[in-house]
Protein chains: 2
Amino acid sequence: MAHSVQNVRPAMQAATVISIRDLQTRCSRCGIREMCLPVGLDADALRKLDGVVTARTRVRKGQAVYRAGDAFTALYAIRLGTCKTMVLASDGREQISGYHLVGDLLGLDGIAHERHECHAVALEDTEVCVMPFDHLEELARAVAPLQHNLHRFLSREIGREQHLMLMLGSMRAEARLAAFLLNLADRYRMRGYASTEFVLRMTREEIGSYLGLKLETVSRLFSRFHAEGLLQVHARTVSKLDLPALRTLAGIC
Amino acid sequence: MAHSVQNVRPAMQAATVISIRDLQTRCSRCGIREMCLPVGLDADALRKLDGVVTARTRVRKGQAVYRAGDAFTALYAIRLGTCKTMVLASDGREQISGYHLVGDLLGLDGIAHERHECHAVALEDTEVCVMPFDHLEELARAVAPLQHNLHRFLSREIGREQHLMLMLGSMRAEARLAAFLLNLADRYRMRGYASTEFVLRMTREEIGSYLGLKLETVSRLFSRFHAEGLLQVHARTVSKLDLPALRTLAGIC
DNA sequence: CGGAGGTTTGAAAAGAGTCAAAGGTCGTGG
DNA sequence: CCACGACCTTTGACTCTTTTCAAACCTCCG
C-alpha cells in the first residue's frame with residue numbers, strides 16, 4: 001500500500017529568507033481560501049495562519065494522505081483534487097464515508113484519540129496543505145474567528161454525516177443515488193463548476209460502498225436513470241442531469 | 001409539541017451572593033465531570049468553567065431540549081437521563097441519529113449554521129447543563145485543556161457517526177441489532193452500570209429508526225435472539241446478554 | 001494492441017418490508 | 001385498587017427490493 005504523506009518541515013531554513021516553499025504554503029495568497037478554513041479571516045489572521053501551514057504536499061492518485069492507525073498530528077486541507085475517506089470495521093470490511101473536494105478538511109475524526117480512524121486516499125492527483133494540529137489550536141486560542149471557523153468545520157462534518165446516515169437508514173437505492181448526484185452537483189456548483197455535467201472520480205464499487213449498495217445495483221440504477229432520461233452516462237462521465245427530476249426521486253420537496 | 005428549554009440567565013443576580021442556582025450548576029462539584037466536558041481539567045480551569053454553565057435544566061420525558069431550526073446558542077451536557085436526537089429529511093421522514101447517555105454533549109451539529117439541525121428529546125426525565133457557546137469559545141481560548149476537550153468531543157461525535165454509517169451501510173439486520181446492544185452494554189459499563197442487563201429507553205420503532213430497520217424487523221430479531229439464548233427480553237428490559245456471542249454476530253473479531 | 005480492471009446485464013435467491021390482526025403493558029382516572 | 005384505553009409489541013403471510021452468482025463486454029493505460 002502507498003505510504004502516508006509526511007508532514008516534515010525542511011530541517012534548516014533561514015528565518016529571513018522567503019523560500020519557494022513559504023510562498024507555496026500561504027493561505028493569504030491561496031485562490032481557494034474562501035472555501036477553506038481561512039474563510040472570512042482578515043489580513044492579519046491570514047498572515048498568522050500562513051505560519052501554521054507547514055507544507056503543501058502532492059498526493060498521487062491512489063496514494064494515502066494518511067491511513068487508519070497513523071498518529072494524528074495534523075489536519076489536511078484539499079487545495080486541488082479529490083479524496084475519499086474509508087472507515088474500517090474490525091472484521092476487515094471497509095466503507096467509503098466521504099468524498100471530499102477542494103477546500104474540504106481531512107483528519108477531523110483523528111483528534112479524539114490522537115490517531116486517524118480512517119484512510120484518506122487521493123482519487124486523482126491531489127494537493128493538500130498540512131496544518132499541524134497543536135499549532136492550529138494555539139493559533140485558534142489567539143484568533144477567535146479562526147477558532148470559530150474550526151468549530152464550524154467540525155460541526156459541518158457532523159451535519160454531513162448525519163445527512164449521510166439519513167440516506168443510508170431510510171432511503172431506497174434509487175433515492176440514494178439521486179441524492180448522491182444532487183449533492184455532487186451542488187458542491188461542484190458552489191465551487192464554480194458545471195452542476196449538470198461532471199466526471200465521477202469513483203468506481204461503481206466505490207459509489208456503492210458510499211451508498212451502502214452493491215456495485216451491480218449502482219450500475220443498474222445508472223442504466224435505468226439513463227433510460228428514463230434523467231441523465232446521460234458514459235463510463236464515469238455523467239451529463240445532462242435533470243436536477244428537478246432527481247430531486248423528486250430523492251424525496252427532496 | 002413540547003417547547004424547547006430556554007437558557008436564560010435570571011435577569012439580576014448580586015455578584016457576591018452564591019445563589020442556589022450557582023451551587024447547582026458547578027462542574028467543580030459535579031459527580032460526573034470525569035465523563036463530561038470538564039474531564040481532566042484542573043481546579044482552576046474547573047472554577048472558570050463553573051461560570052459558563054448558566055443553568056441546569058430539568059427536561060421531562062418526551063420534552064425537547066431543542067428542536068431542529070431553533071437558533072443555536074448553547075451546548076447541553078446530559079447530567080442525568082437519556083436523550084435521543086432525530087434528524088429530519090425535507091420530506092418529513094425522520095430518523096434517530098443518536099442515543100445519548102449521561103455525560104454526552106448535545107447540540108454539536110448546530111455550530112456550523114447557528115441553527116440546530118436535529119431535535120433532541122428526553123427519553124426519560126433528564127437534567128441538562130446549559131453552556132452558552134460564545135462564552136464557552138471565549139473560555140476555550142483562555143484554557144487550552146478545555147479547548148482540547150471541546151475538540152475531542154466534536155471529533156468523537158464524528159467518529160461515532162462514522163461507526164454508525166458503517167453499520168447502516170454494510171451490516172445485516174441481525175448484526176446491526178447485535179452491535180447496537182454491544183454499544184449500549186459498553187457505554188453502560190463505562191458509566192459503572194451492569195453491561196449485561198439494562199432497560200431500553202426506546203420503543204422498537206425508535207430502535208428500528210436508529211438502525212435503519214422497521215419495527216417489526218427489530219421485534220422479530222429480539223424474539224430470535226431470545227430463542228437462540230443470546231439474551232432474555234421482556235418488554236424493554238433486556239438481560240443475560242451473551243456478549244461474546246453478540247460480538248460474533250456483529251462481526252467484531 | 002493486450003490485458004487488467006471496471007461495467008453491464010440476466011436469472012435466481014435472500015433479506016427486509018408491508019399489511020394485518022391479536023395480545024401486552026402501563027399510566028390515568030374513576 | 002381496578003378498569004379502561006392508548007400505545008407498544010409480537011407474529012404470520014405475502015411482496016418487493018436488493019443481493020448474489022455468473023458471464024460477457026468495455027475502456028483505458030502502459
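Student: Let's start with helix α3 of chain A: at what angle does it run to β8(A)?

Tutor: This is a predicted model, so keep that in mind throughout. In it, α3 (residues 133-142) of chain A lies across two strands of that chain, β3 and β8 (126-132). Its angle to β8(A) is about 65 degrees.

Student: And what is the strand order of the open sheet that has β3 and β8 of chain A in it?

Tutor: Four strands of chain A make up that open sheet, and their pairing is antiparallel. β1 (55-59) and β6 sit at the edges with a single partner strand each, so one side of each has no neighbour in the sheet. The order is β1-β8-β3-β6.

Student: What is the bridge partner of A:Tyr66 in β7(A)?

Tutor: β2(A) runs antiparallel to β7 (residues 118-122) of chain A, and two bridges join them. For A:Tyr66, the partner in β7(A) is A:Ala120.

Student: What rotation superposes chain B on chain A?

Tutor: The shift along the axis is 0.0 Å and the RMSD is 0.0 Å. The two copies are thus related as by a two-fold rotation axis. The same surface serves both copies, with 100% of the contact residues of chain B recurring in chain A. The rotation is 180 degrees.

Student: Which residue of chain B comes closest to that rotation axis?

Tutor: Go by the C-alpha distance, which is 2.0 Å for this residue. It also turns up where α4(A) meets α3(B). It's B:Arg141.

Student: Is the crossing of α4(A) and α3(B) left-handed or right-handed?

Tutor: The axes of α4 (residues 144-170) of chain A and α3 (residues 133-142) of chain B come within 11 Å and cross at roughly 115 degrees. Among the residues that meet there are A:His148 and A:His151 from α4(A) and B:Phe133 and B:Glu137 from α3(B). By class, the contact has three nonpolar, three polar and two charged residues. The crossing is right-handed.

Student: How many nonpolar residues are in the contact of α5(A) with α8(A)?

Tutor: The axes of α5 (residues 173-190) and α8 (residues 243-250) of chain A come within 8 Å and cross at roughly 135 degrees, which makes the two helices oblique. The contact includes A:Ala178 and A:Leu182 of α5(A), with A:Leu246 and A:Leu249 of α8(A). No polar and two charged residues take part, and the nonpolar count is nine.

Student: Last one: where does A:Glu114 lie?

Tutor: A:Glu114 isn't a glycine, yet its phi is positive, about 55 degrees. It lies in the loop between β6 (105-106) and β7 of chain A.

Technical notes:
Residues numbered from 1 in each chain as written. Chains lettered and ligands numbered in written order. Predicted model: local features only at pLDDT ≥ 70, side-chain atom pairs only at ≥ 80, totals over all residues. Heavy atoms only, no water. Pairing = 2+ DSSP bridges. Least-squares fit on C-alpha atoms with pLDDT ≥ 70 in both. Contact = heavy atoms within 4.5 Å. Axes fitted to C-alpha atoms, helices over the stretch in contact; angles between N-to-C directions. Parallel < 35°, antiparallel > 145°, perpendicular 65-115°, else oblique. Nonpolar A, V, L, I, M, F, W, Y, C, P; charged D, E, K, R; others polar. Left-handed = near helix turned anticlockwise from the far one by under 90°.
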